[in-house]
Amino acid sequence: MGHKGISVTGLVCSVVFFLLPLHSAYGDVSYSFPEEMKRGSVIGNIAKDLGLEVSRLSARKARIDTDGNRKRYCDINLSTGDLIVAERIDREGLCGKKASCVLNQELVLENPLELQRISLHVQDINDNSPQFKDEVIKIEMRESADKGARFLLDQAHDADIGQNAVQRYTLQKNNNFLLTVDSHTVELVLEKELDREQSNEIKVLLTAVDGGSPQRSGTVVIHVTVLDANDNAPVFSQAVYKASLPENSPLDTVVVTVSATDADEGVNGEVTYDFAHVSEEDDKLFSIDRKTGEIRAIGTIDFEEMSDFELRIKAKDGLGLASYSKVIIDITDVNDNAPVIYLKSLTSHIPENASPGTEVGIINVQDRDSENNRQVRCYIQQNLPFKLVPSIKNYYSLVTTGELDRELVSDYNITITATDEGSPPLSSSKSVQLSVADVNDNPPVFEEQSYKAHVTENNKPGASVCSVTARDPDWRQNGTVIYSLLPGEVNGVPVSSFLSVNGDTGVIHAVRSFDYEQFRSFKVHVVARDNGSPPLSSNVTVSVFITDLRKGLETVR
């Protein structure tokens, strides 16, 4: 079902979601809509929101491009101007726990070139349930533990955010424990002192509930073993550990080492480390040594995919008492992505009479790196009647710089090169083939300025007198030459009564037999015309001399 954009500024986050177009000062537009909409669903009418004529969208080659995203998540219906969902949009997969999830897309139009930025604000829906890392939380506590003693518990993880994330915890009713929860911790509180002789183990159910509609929940069993031993919880050396890691670091690179100590002796003071709760993706990228607390990179770290990580670490002693710390890993960019050149539009056949400055192509250059590593310089080889002109953002127009002449150069092979400012810089190239389309700009030209023909009187009708040849350097019909006689008279008689010319070959034939005593010479004009539109022509004079058969002499008057 399509959702129509409406011009309001608020977003109601309950059962109903509204799609909101929010215009910027530059004509760009933003839409807010829920994740997981079906493919083909309408996000909004972008033509209406940007004041574009729907009837001209096809002619202007309107299309959606991405801005740093690998996928194009929306498309434009050229018939209606609607912006529609083109790919599955999963907010958790795209943005994780980030409070704001924005996908940047671009609407590109040509004739003239125009770029409109589209911001897609993806709103969370309650499509994930709270989950605990383990099915059972095992805790061992001394029988002599004082009333009010607190035991830190693993929190549930919910991939959703805001109200759709975990909002509260409930503990199954029991005789010994209560639950306290704040924004950072979930603790089991001893309400009634333990009696190991009465019961050496206790099991209670912990439930995590989110605030979505409808609500979702997840559960874990807390298994408490009652011991006689004294015990202290481990203590981390830092509440938060920070580390920096270059992307593409070799596998098994040590990122950071966490450390916790326990005041107890023997097995009670032995500390082991583990991740408290990490996503499946993070679990494939990092490992932690259970004994040393050493965190290593075990997967390929790509800055362009994720620029920072936050890991929750758990330290547990031999009796199960635990404490927690946080590790923040900042990924630093390496210039590992060469610029990519996209040919967005190309006029493959350019009329040779195109004016200097005519746009023949649109090029887009993307570099997935950051800062200087993504600053790109784009250029073509010299000594060509073309140049690249920076246009909008990372777009360039390929334009002509001078007059083209197909008869001199009919094809161009242009190499576009993009180089970034990384160290060392990376480059890529793309070849573009352009053909110059013929224009009928050359008239036929005769090989000679004038022609002479000598015919002996009493010749046979149909005999060849001479031939004329004209050449036209244009192409196909523009260069096809057709011959004809220019209308005129000889002694009051039409020239067509004396001569004819073959339209294809230019061979001139005598139509009748000539008599030296009647006339000794005459002139005709032959026209050479091409098949262009409009046609071009030229003409030449052919002088015909009649020779006296008896005297065998040529008389020239």
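1. Rings of Phe, Tyr and Trp (its six-membered ring) are taken as a pair if their centres lie within 6.5 Å; planes under 30 degrees apart count as stacked, over 60 as edge-to-face, and the rest as tilted. On that basis F498, F514, F519 and F522 make up one aromatic cluster. The count of aromatic pairs comes to 13. One of them is F446 with Y451, which is edge-to-face because the ring centres are 6.5 Å apart and the planes stand at 75°. F446 and Y451 are both buried; buried means under 20% relative accessible area, exposed means over 50%, and partly exposed is in between (1.4 Å probe, protein chains only).

2. A word on what you're looking at: this is a predicted model, in which local features need pLDDT of at least 70 and side-chain atom pairs count only at pLDDT 80 or more, while totals for chains, interfaces and linings use all residues. Residues are numbered from 1 along each chain as its sequence is written, and side-chain values use heavy atoms, with hydrogens and water left out.

3. Now the overall layout. The protein is split into domain 1 (29-123), domain 2 (136-227), domain 3 (235-332), domain 4 (340-437) and domain 5 (445-547), with bounds that come from an automatic or database domain assignment. Between the C-alpha centres of domain 2 and domain 4 there are 64 Å.

4. Back to Y451, which sits in strand β34 (residues 450-456). Strands here, like helices, are DSSP runs numbered from the N terminus (E, at least two residues, for strands; H or I, at least four, for helices).

5. Strand β34 runs parallel to β43 (residues 537-547), and seven bridges join them; two strands pair if DSSP finds at least two bridges between them. Within β43, V544 is the bridge partner of A453, and F545 stands opposite H454. F545 also has S521 opposite. Strand β42 (residues 521-530) pairs with β43 in the antiparallel sense, over nine bridges, and a six-residue hairpin connects β42 to β43. In the loop between these two strands you'll find P534, and the peptide bond from S533 to P534 is cis, with omega near -5°.

6. The peptide bond from S423 to P424 is cis, with omega near 0°, and P424 is in the loop between β31 and β32. Strands β31 (residues 411-420) and β32 (residues 427-437) run antiparallel and are joined by nine bridges, with T419 opposite S427.

7. Those two strands belong to an open sheet of four, ordered β26-β32-β31-β28, with mixed pairing. The edges are β26 (349-351) and β28 (376-380), each pairing on one side only. On average, neighbouring strands in this sheet are turned by 30° against each other, direction ignored; the axes are lines fitted to C-alpha atoms (for helices, over the stretch in contact), with angles from 0 to 180 degrees between N-to-C directions.

8. On to the cysteines. How many disulfides are there? The count comes to one, where a disulfide is a pair of cysteine sulfur atoms within 2.5 Å. C95 and C101 form it, with their sulfur atoms 2.1 Å apart. The link is right-handed, at 65° about the S-S bond, and C95 and C101 are both buried. C74 is in no disulfide: the nearest cysteine sulfur, that of C101, is 13 Å away. C74 counts as buried because its relative accessible area is 0%, and C378 counts as buried because its value is 12%.

9. Two charge-over-ring contacts deserve a look. A charge sits over a ring if NZ of Lys or CZ of Arg is within 6 Å of the ring centre and within 35 degrees of the ring normal. The charged end of R312 sits over the Y324 ring, 4.2 Å from its centre, and K344 lies over the face of Y342, at 5.2 Å from the ring centre.

10. E36, not a glycine, has a positive phi of about 65° and lies in the loop between β2 (29-34) and β3 (42-45). N248 also has a positive phi, near 65°, and its place is in the loop between β17 (240-246) and β18 (253-257). E36 is partly exposed, at 28% relative accessible area, and N248 counts as partly exposed at 37%.
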